[in-house]
Amino acid sequence: MSKVQQKLNIIPLGGLGEIGKNMTAFRYEDDIIVVDAGLAFPEDDMLGIDLVIPDISYLVENQDKVKAIFLTHGHEDHIGALPYVLKKLDVPVYGTALTLGILGGRLKQNGVSSSKLVTVQPGKIVRAGCFTVDFIRVNHSIPDAVALAIKTPVGMVVHTGDFKIDQTPVDGQVMEFDKLANLGNKGVLMLLADSTNVERPGYTPSERIVGKTFDEEFRYAKNRIIVATFSSNVHRIQQVVEAAVRYERKVTVIGRSMINVVNIATELGYLNIPEGTLIDIDEMNNYRADQIVIITTGSQGEPMSALTRMAMSDHKKVGIVPGDTVIISATPIPGNEKGVSRTIDHLFRLGAEVIYEKSLGIHVSGHASQEEIKMMHNLIRPKYFIPVHGEYRHLMKHSKLAQALGMPKENIVIPENGSVVEVGPDSLAINGKVTAGKVLVDGLGVGDVGNIVLRDRRQLSQDGILIVVVTIDKQNCTVVAGPDIVSRGFVYVREADDLMENAKEKVQVALTKCQTNGISEWSAIKSAVRESLSRYLYEKTRRRPMILPVIMEV
């Protein structure tokens with residue numbers, strides 16, 4: 001079979017049917033390359049979980065075939081899994097300077113070597129196995145974002161990464177329309193495009209809109225100004241700094257991730273802070289309140305973030321005082337709305353003026369709206385299309401939008417994570433699945449918490465735990481001591497004497513039954529105690545605590 005008749009496999013390992021955890025593998029025969037390796041944040045029912053990363057079993061099983069990882073930009077949902085992935089895959093990682101600068105900091109925190117990171121500029125072409133990858137500059141809410149033009153033996157594939165079309169970007173670096181149009185003229189076999197904002201009509205406003213809003217707010221603020229935003233939004237930080245300089249204010253930065261990004265971006269030349277503008281947090285008291293701007297983390301209401309701790313009067317260095325102006329320059333990520341609302345309420349209670357409505361122009365998205373997505377399709381003019389980066393409704397809407405632009409329905413496929421999409425010069429189909437899913441990170445444990453542990457945690461959080469301790473004589477199976485019952489999170493024992501006494505009686509009856517029936521297996525005795533007690537407690541309380549019988553022998 002000739003080379004051109006072979007099929008390219010496109011295998012999404014994350015980012016489809018969900019927000020975050022973006023990761024896609026491209027395979028042709030014995031060569032695999034990977035685009036992005038992101039994380040997602042835990043859902044409300046993932047109790048105690050810190051992060052969620054993609055399952056890379058497929059890549060580990062085929063690690064001798066994996067040639068490289070290519071990164072589109074430096075957001076956590078595209079690079080956050082790499083500290084874990086690079087412990088298992090020893091491959092080069094290609095990305096732009098700021099992307100790898102942020103990633104290098106993450107790797108250092110996790111004790112992973114940065115020796116495999118290779119910095120590339122937009123326009124650079126990298127060869128990896130049978131693939132050649134061209135980096136094309138696009139606009140996003142972080143500098144140095146790129147789309148990837150992947151030349152494969154079956155044709156050209158374009159992966160947009162996250163993008164928007166900003167005609168007036170803060171750094172003056174406009175999307176490379178000419179390159180995208182040139183690809184379209186030469187012929188693109190497959191397009192994978194960002195679907196995050198596909199439900200929004202029109203255009204996403206330019207980042208410079210936010211700069212004008214900052215200017216307005218800074219002009220009228222009488223006291224301290226506190227701006228909370230994403231640490232990765234370097235252009236937003238730059239505009240805060242410029243407004244501060246314009247109104248003769250000093251700037252201090254709070255929050256570990258914010259400090260790290262500011263240091264990296266300044267060092268690499270992506271952030272221009274005039275000398276003498278940046279001061280240490282301990283120097284703030286040397287200036288009047290109307291001479292200070294604080295840039296901080298916490299725009300998503302994260303419990304341990306700097307802004308949340310300020311709002312709870314729990315920050316060691318900064319307390320909110322009446323007259324402070326707090327600008328929350330972000331919109332809540334789905335799921336974070338309650339935390340953000342709680343923080344805003346507390347800030348108002350402390351007398352701050354809080355500016356948080358998106359309609360006021362304090363935040364713009366980094367993702368393309370419908371008209372920009374249409375423009376991307378019309379520039380690329382692909383034969384086949386896979387919508388990526390979004391929940392299922394986003395992928396479906398993006399599919400319909402592509403059809404409205406004239407693409408035949410049969411040339412579009414909406415896969416799931418793990419689906420193997422086979423692409424040939426004249427064919428497109430889903431053919432099989434590989435292992436894909438969620439790996440939960442809890443502390444230092446990666447993947448050691450699964451559905452059963454989460455189910456136990458949910459039960460403990462809902463109805464608590466009851467521990468029944470009893471000492472039994474092994475020889476004749478008689479009870480020597482107990483039963484004693486310890487309750488946590490079920491009822492307040494001191495106010496439930498009757499319930500506890502009756503529960504002990506139920507345990508005693510179950511133990512006597514076991515003795516009468518000659519049951520001496522510890523597991524059978526425990527099961528009898530658990531069943532008897534569970535039935536009784538549900539009758540009396542309509543709750544199902546976790547019951548742990550502990551049998552000691554003498």
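Start by selecting helix α7, residues 234-246: with three residues, this helix gives the most to the lining of the second largest pocket. Helices here are DSSP runs of H or I with at least four residues, strands are runs of E with at least two, and both are numbered from the N terminus. A pocket is an open set of points on a 1 Å grid over the protein atoms alone, where a 1.4 Å probe fits and protein lies on both sides within 12 Å along at least five of seven lines; lining residues have an atom within 4 Å of a point.

Before going on, know that you're looking at a predicted model, where local features need pLDDT of at least 70, side-chain atom pairs count only at pLDDT 80 or more, and totals for chains, interfaces and linings use all residues. Residues are numbered from 1 along each chain as its sequence is written, and side-chain values use heavy atoms, with hydrogens and water left out.

**Into the pocket**

The second largest pocket holds about 410 Å³ of space, a volume filled by probe spheres set on grid points that are joined across faces, edges and corners. Now pick Pro143, Asp144, Asp171, Gln173 and His235: of the 29 lining residues, these are the closest to the pocket's centre.

**Back to α7**

Click on Gln238, which sits in helix α7. Is Gln238 buried or exposed? Gln238 counts as buried because its relative accessibility is 9% (buried is under 20% relative accessible area, exposed over 50%, partly exposed in between, with a 1.4 Å probe and protein chains only). Beyond its neighbours within four places in sequence, Gln238 is in contact (heavy atoms within 4.5 Å) with Val170, Tyr270, Leu271 and Asn272.

**Over to α6**

Next, select residues 208-220, helix α6. This helix has 13 residues and reaches 19 Å from first C-alpha to last, close to the 18 Å expected at 1.5 Å a residue (that is, 1.5 Å times one less than the number of residues). Colour Val210, Gly211, Thr213, Phe214, Asp215 and Phe218, which are buried. What covers the buried residues of α6 includes β13 (225-228), α7, β15 (292-296) and β16 (325-328).

**Last stop: β5**

Select residues 66-70, strand β5: four of its five residues are buried, so the strand is largely enclosed by the rest of the structure. β5 pairs in the parallel sense with strand β3 (residues 31-35) over four bridges; pairing takes at least two bridges found by DSSP. Find Val35, whose bridge partner in β5 is Phe70. β5 also pairs in the parallel sense with strand β6 (residues 93-95), over two bridges, and there Ile69 stands opposite Val93.
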